[in-house]
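Me: I have a model open and would like to understand the labels attached to it. Could you take me through them?

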Amino acid sequence: KAVAIVGCPFSGGQPKLGVDGGPIHLVEAGLPEQLAELGWKVQFDGHHQFEDINTQDDPPIGKLKNPRLVSRVCKAVADVVGNHAKNGQLPLTLGGDHSLAMGTISGTLQKYPDACVIWVDAHADLNTAETTDSGNIHGMPVSFLLGLGPKIEEFSWVQPLLKPHRLVYIGLRDVDVGERRLLRENGIKAYSMHEVDKYGIGRVVEMALDHVNPGRKLPIHLSFDVDALDPTVAPSTGTPVRGGLTFREGHYICEAVYETGCLVALDIMEVNPSLEDTASVKQTVAVGCSLARAALGETLL
Ligand SMILES: N[C@@H](CC/C=C/[B-](O)(O)O)C(=O)O
Ligand SMILES: [Mn+2]
Ligand SMILES: [Mn+2]
Ligand SMILES: [Mn+2]
């Protein structure tokens, strides 16, 4: 079993500096060695992928900020992730902000067009060019992947290959009014923190998997935004929201997804080592590493 670590030092999908430092902190905390310990053949192509992509002139398109930069980086990520998947490796993308998932999931769908997506996040990241308030594209990747909202020329490379019934959310607790409408209109299954409290994480994960992968036969792309965790668990992230997943709930999701044997791609996103104090940064980086290990087979016994 082979894993390709794709470090994406990218922050263009949101305004806070520092999230581009996520990959190097996760790698320097020893993640590659930790995965090798678990028996994975590990490839890491270095810290400077995608840094050469910049756009001289990138004025907003409507409300969308850094649109050309985000589009070009995500397109490059899609190609890199898609190639690793085609080489039979499991792409582990380290963010960097969550706009990158427009690229990672596009890459996965190139190789696994029937893949389902488990999106673990406080946010739905489902805003369109019409519904977004912030214009931050890390709040929009899912709408592009589903082909919702007005067509934006710059993002025409994103094929609407993801189907609503192949997507499920866990951890939502900060969803904009436009996103709530789109969730309803498209019949997208979402397990918010209310359901996690009501049913417990075990039942929620089972229901989520039953919804998108009833026979446990479809490939799974797990896209994990560390802000799904409670800010006391993962403080160094750009858009923290209280009332999140516990350390164990977050890890249970990863362990249960690994147990399906269907995982083909993983994103660990939105670790921002420039936010909060040193202890908080270390804690958040350590959580990012342990979530990745849990999703790639680390067990407690
Ligand atoms: N819904 C908000 C927040 C977006 C959060 C994105 B994140 O989940 O990737 O952190 C927005 O559209 O700006
Ligand atoms: Mn997100
Ligand atoms: Mn989020
Ligand atoms: Mn975030």
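Me: Happy to start with ligand 1: which residues come nearest to it?

Reply: Of the 14 residues around ligand 1, the nearest are Asp125, Ser134, Asp176, Asp225 and Thr239; a residue is near if one of its heavy atoms lies within 4 Å. A word on the source: this is a predicted model, where local features need pLDDT of at least 70 and side-chain atom pairs count only at pLDDT 80 or more, while totals for chains, interfaces and linings use all residues. Residues are numbered from 1 along each chain as written, chains are lettered from A and ligands numbered from 1 in written order, and side-chain values use heavy atoms, without hydrogens and water.

Me: What makes Asp121 and Asp125 buried or exposed?

Reply: Buried means under 20% relative accessible area, exposed over 50%, and partly exposed in between (1.4 Å probe, protein chains only). Asp121 has 0%, so Asp121 is buried. Asp125 has 4%, so Asp125 is buried too.

Me: And how do you know which residues are protein donors of the manganese ion (ligand 2)?

Reply: Donors are N, O and S atoms within 2.8 Å of the metal (3.2 Å for Na, K and Ca); water is not among the atoms, so sites may look incomplete. His98 (ND1), Asp121 (OD), Asp125 (OD) and Asp225 (OD) lie 2.1 to 2.2 Å from the manganese ion (ligand 2). Asp121 also coordinates the manganese ion (ligand 3), and the two ions are 3.3 Å apart.
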